[in-house]
Amino acid sequence: MSYSFKYYFVVIIGWLLMSSSSIDAQLSPSYYASTCPLLVLIVRQGMRQAVRKEPRMAASILRLFFHDCFVNGCDGSILLDDTANFTGEQNAFPNRNSVRGMDVIDDIKTRVERVCSNTVSCADILALAAREGVLSLGGPLWPVPLGRRDSTTASQSDANRDLPSPSSDLATLISRFANKGLSATDMTALSGAHTLGLSQCLNFRTHIYNDTNIDATFATTRQANCPFAGGDTNLAPFDATQNRFDNNYFGQLVNKRGLLHSDQELFNGGSQDSLVTTYSNRQFRFFNDFASAMVKMGNISPLTGTNGQIRKSCGVVN
């Protein structure tokens, strides 16, 4: 049995097991089978074009989905733009000047509307786009349960409260994820999303200048592009393979080369050290756990039935 076949076989079996218990019965990967059968192909094409243009976009869309789901569920609320009469989540402290990719989702939504008008929610498009971005850079496949509806509200205060900080310690990370029904294993696997993309100097400055659980050479390298003062928006990659979804992130943690304080907390003499070591040696195990955790995260408090709406434009309420 080939590696690829074994991997996808395990993913499918895992999905069948989860379908009987933890997945909301109102969500289904085949939700749009009759009403918008081309949906997955449209989203896949849109994401592959976006990632070819800018590989970092896969990480941005994945982060956008994470920051959506952690604030009152996977309801597309993060996509709502601020107006004179509406305050959304995009300018909450964890999102301000960093959350990105809304234009990509808008573009995909426009394409979907041409084929399946007033049918597919922005929340579902974002969930599919997150998977397609990961797949486009060599990451795992997972089934995306669909049928979410879009929120008509957003909460900047909840975003400030619920989203983990780059300075979070391990206990805080475990607690924040547990509050959303995700285990410590889910938390560590999902943190592996940092195998992709970049972070701003503002988020890792304290770690590279003040922390002791960091490789000295690595800290010096990062300090060259992140001065002690200024340069807040200067960027650095989370790992050396920033445009490939793999397990390199965990190897860097083992070598004390995590970019954020919260990254290195996963391997700092605590409860996740053994799992990080396993992931660093067994990419298959990381991929499997990541796929499982993504399904669970995508099921956080979805709006279904007659709740919410199907937005015509992702940035504004109908």
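# Buried charges, aromatic pairs and contacts

Trainee: Are Lys109 and Glu113 buried or exposed?

Mentor: Both Lys109 and Glu113 are buried. Buried stands for under 20% relative accessible area, exposed for over 50%, and partly exposed for what falls in between, with a 1.4 Å probe and protein chains only. This is a predicted model, in which local features need pLDDT of at least 70 and side-chain atom pairs count only at pLDDT 80 or more, while totals for chains, interfaces and linings use all residues. Residues are numbered from 1 along each chain as its sequence is written, and side-chain values use heavy atoms, with hydrogens and water left out.

Trainee: What does Lys109 form with Glu113?

Mentor: A salt bridge, with 2.9 Å between the closest N and O atoms. The term requires a side-chain nitrogen of Lys or Arg within 4 Å of a carboxyl oxygen of Asp or Glu.

Trainee: Where do Lys109 and Glu113 lie?

Mentor: Both are in helix α4, 4 residues apart, which is about one turn of the helix. Helices (H or I, at least four residues) and strands (E, at least two) are DSSP runs, numbered from the N terminus.

Trainee: How many salt bridges does the structure hold?

Mentor: There are 14. One of them joins Asp158 and Arg161, at 3.3 Å from N to O. Those two residues sit in helix α6 (residues 156-162), 3 residues apart, again about one turn. Asp158 counts as buried because its relative accessibility is 14%.

Trainee: Which residues are linked with Asp158 and Arg161 in a network of salt bridges?

Mentor: Asp162 and Lys180 are linked with them in that network.

Trainee: And Asp289, what is its partner in a salt bridge?

Mentor: Arg285, with the closest N and O atoms 3.0 Å apart. Since they are 4 residues apart in helix α14 (residues 283-297), about one helical turn separates Asp289 and Arg285. Asp289 has a relative accessible area of 13%, so it is buried. Arg285 is at 28% relative accessibility and therefore counts as partly exposed.

Trainee: Now Arg222. How far away is the nearest side chain of opposite charge?

Mentor: That side chain is Asp239, and it is 8.6 Å away. Arg222 is buried yet has no salt bridge. For charge, Lys and Arg count as positive and Asp and Glu as negative, with His and the chain ends not counted.

Trainee: What does Arg222 touch, then?

Mentor: Leaving out residues up to four places away in sequence, Arg222 touches Phe204, Ile208, Ala236, Pro237 and Leu259. Contact here means heavy atoms within 4.5 Å. Arg222 itself belongs to helix α10 (residues 216-223).

Trainee: Different topic. How many aromatic pairs are there?

Mentor: The count comes to 15. Phe66 and Phe70 are a tilted pair, 4.5 Å centre to centre with 35 degrees between the planes. The rule takes rings of Phe, Tyr and Trp (its six-membered ring) whose centres lie within 6.5 Å; planes under 30 degrees apart are stacked, over 60 edge-to-face, and the rest tilted. Phe66 is buried because its relative accessible area is 17%, and Phe70 counts as buried because it is at 0%.

Trainee: How do Tyr249 and Phe250 pair?

Mentor: Edge-to-face, at 5.0 Å centre to centre and 80 degrees between the planes. Tyr249 is at 2% relative accessibility, so it counts as buried. Phe250 has a relative accessible area of 0%, so it is buried too. Both are in one aromatic cluster whose members include Trp142, Tyr279 and Phe290.

Trainee: What does Met294 touch?

Mentor: Met294 touches Leu62, Phe65, Trp142 and Leu190, not counting residues up to four places away in sequence. Met294 lies in helix α14. Its relative accessible area is 3%, so Met294 is buried.

Trainee: Which residues is Gln200 in contact with?

Mentor: Beyond its neighbours within four places in sequence, they are Asn97, Ser98, Asp232, Thr233, Asn234 and Leu235. Gln200 is in strand β1 (residues 198-200).

Trainee: Last one, the surface. Which residues form a nonpolar patch?

Mentor: Leu38, Leu41 and Val115, with about 280 Å² of accessible area together. Patches use residues with over 30% relative accessible area and no salt bridge, joining like charges within 9 Å and nonpolar side chains (Val, Leu, Ile, Met, Phe, Trp, Tyr) within 5 Å. Accessible areas come from the Shrake-Rupley method with a 1.4 Å probe; for residues, only the protein chains shown count as cover. Val115 is in helix α4 (residues 102-115), and it counts as partly exposed because its relative accessibility is 48%.
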